[in-house]
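Welcome! Please take a look at the sequence and the model below, and then we can walk through a few of their features together.

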Amino acid sequence: MKARLQKILSIAGVSSRRASELLISGGRVTVNGTTITELGSKADPDVDDIRVDGRRVKAAAARRYILMYKPRGYITSRSDPQQRPTVIDLLTKGGVREYVYPVGRLDYESEGLLILTSDGELAERLMHPSHGVAREYHARVRGVPDPHALDRLAKGVVLDGRKTAPAEVTVVKVIESSGGEDAVLSIVLHEGRNRQVRRMCEAAGHPVVRLRRVRIGPIRDEHIRPGEFRDLDEREVAALKRAAKGTSPLKHAAAPRHMPARPASGRTATPRREPSSRSVRDPTPRARRRSGPPRRG
C-alpha cells in the first residue's frame, strides 16, 4: 500500500517524520533509482526499492500495537519542547525500541488507556471522526449533575462556536466528602476535540476533578496500572481493526442515554453513594489479563 515517503521512513525507524522531510528535500532519498525531492511523494514499501544515502530502507518486519496506562504528568507526544516527560520515555525505559507513536491525545493532567502503534493506517482510522470509534471516560466532577445538566451533556454543548456530537452520559456513583458531593460520570464520545470532556463538564457547571480514559473502542483493561504497558494480543488487534472500519454512529444516533438504566422491577436506579475517597476505581468487573503481565516504564 502506497504511503508518503516521510511516513515510510519514520515507521522504518530511519528518522522522525520531520527529519525525514529534510532527507527528502535534501535529495538523499531515491525510489527505484530515481531521486525524490518533492514532499508528499508516495511509494509502496512492500514493492518499491527505497533508499537513503544509497542504503535500502526495509519495511518494518512486524507492526507493533501497544496499550499503555498513561499516568498524569506525562505528555502524549514523541517529544516535548518544554522537556516534560513523555509517553515515549516510559516505553524507552521499558525496553521498546521500535518507532511507534500515540493514537490520539490525553492531556497532561489526564490519565488512562492510550494506544501506541507503528500501523499508520489503523491510527488514522481510529482518530478520524467518520469512523466514530467510541472512547469512554470516567470523570469525577464537582457536584452531582441534575437531569437537565446530564441531558445537556448528552445532547451536546457549544465549544468554539460548534456543538459537540451526541454522547452517552451516565452517573456511575456519588461520592460524599467534607466539601460536599462529587459525582463520577461515564462519558462515551465518538469524536475527539482538544480537552473535550473537561470543557463540556465546565460548560455544564461541573468542573472535572479527575479524568481517566477507561476504554478505546473494544479495548478495556482494568488490571493495567499507571505507567505500565503491554502489547495487544491478536484478538484485540482484530477487534480494534473491525471497530475502525465502522461508520460513525453519529449519523444514525438514537436518543442520547444520560440516566442510569431502569432495573427489572420498574424502579429508577439511584446512583450509589460512597464515603469520601481520594481515588476513584473503575466499578466494572475486572477483565482477564491479556498478553502476559504489563511492563513498567
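This is a predicted model: local features need pLDDT of at least 70, side-chain atom pairs count only at pLDDT 80 or more; totals for chains, interfaces and linings use all residues.

Residues are numbered from 1 along each chain as its sequence is written, and side-chain values use heavy atoms, with hydrogens and water left out.

Because 8 of its 10 residues are buried, β14 is largely enclosed by the rest of the structure; buried means under 20% relative accessible area, exposed over 50%, and partly exposed in between, with a 1.4 Å probe and protein chains only. Strands count as paired if DSSP finds at least two bridges between them. Strand β13 (residues 168-177) runs antiparallel to β14 and is joined to it by 9 bridges, and the two form a hairpin with 2 residues between them. Lys173 has Val184 of β14 as its bridge partner. Strand β10 (residues 135-142) also pairs with β14 in the antiparallel sense, over 8 bridges, and here Val141 is partnered by Ala183.

Next come the salt bridges, of which the whole structure has 22. A salt bridge is a side-chain nitrogen of Lys or Arg within 4 Å of a carboxyl oxygen of Asp or Glu. Here are some of them:

| Pair | N to O distance |
|---|---|
| Asp107 and Arg198 | 3.2 Å |
| Glu136 and Arg220 | 2.7 Å |
| Arg230 and Asp221 | 2.8 Å |

Glu136 lies in strand β10 and Arg220 in the loop between β15 and β16, 84 residues apart. Glu136 is buried at 9% relative accessible area, whereas Arg220 is partly exposed at 23%. Both belong to a salt-bridge network that also includes Arg215 and Glu222. Glu222 sits in the loop between β15 (208-216) and β16 (228-231), and at 7% relative accessibility Glu222 counts as buried. Arg230 and Asp221 are buried too.

Finally, which residues line the second largest cavity? They are Val103, Ile115, Leu126, Arg135, Arg213 and Ile216. By class, 4 are nonpolar, none polar and 2 charged (Ala, Val, Leu, Ile, Met, Phe, Trp, Tyr, Cys and Pro count as nonpolar, Asp, Glu, Lys and Arg as charged, and the others, Gly among them, as polar).

Key: Helices (H or I, at least four residues) and strands (E, at least two) are DSSP runs, numbered from the N terminus. On a 1 Å grid over the protein atoms alone, a cavity is a set of points where a 1.4 Å probe fits but cannot get out, and a pocket is an open set with protein on both sides within 12 Å along at least five of seven lines; lining residues have an atom within 4 Å of a point.
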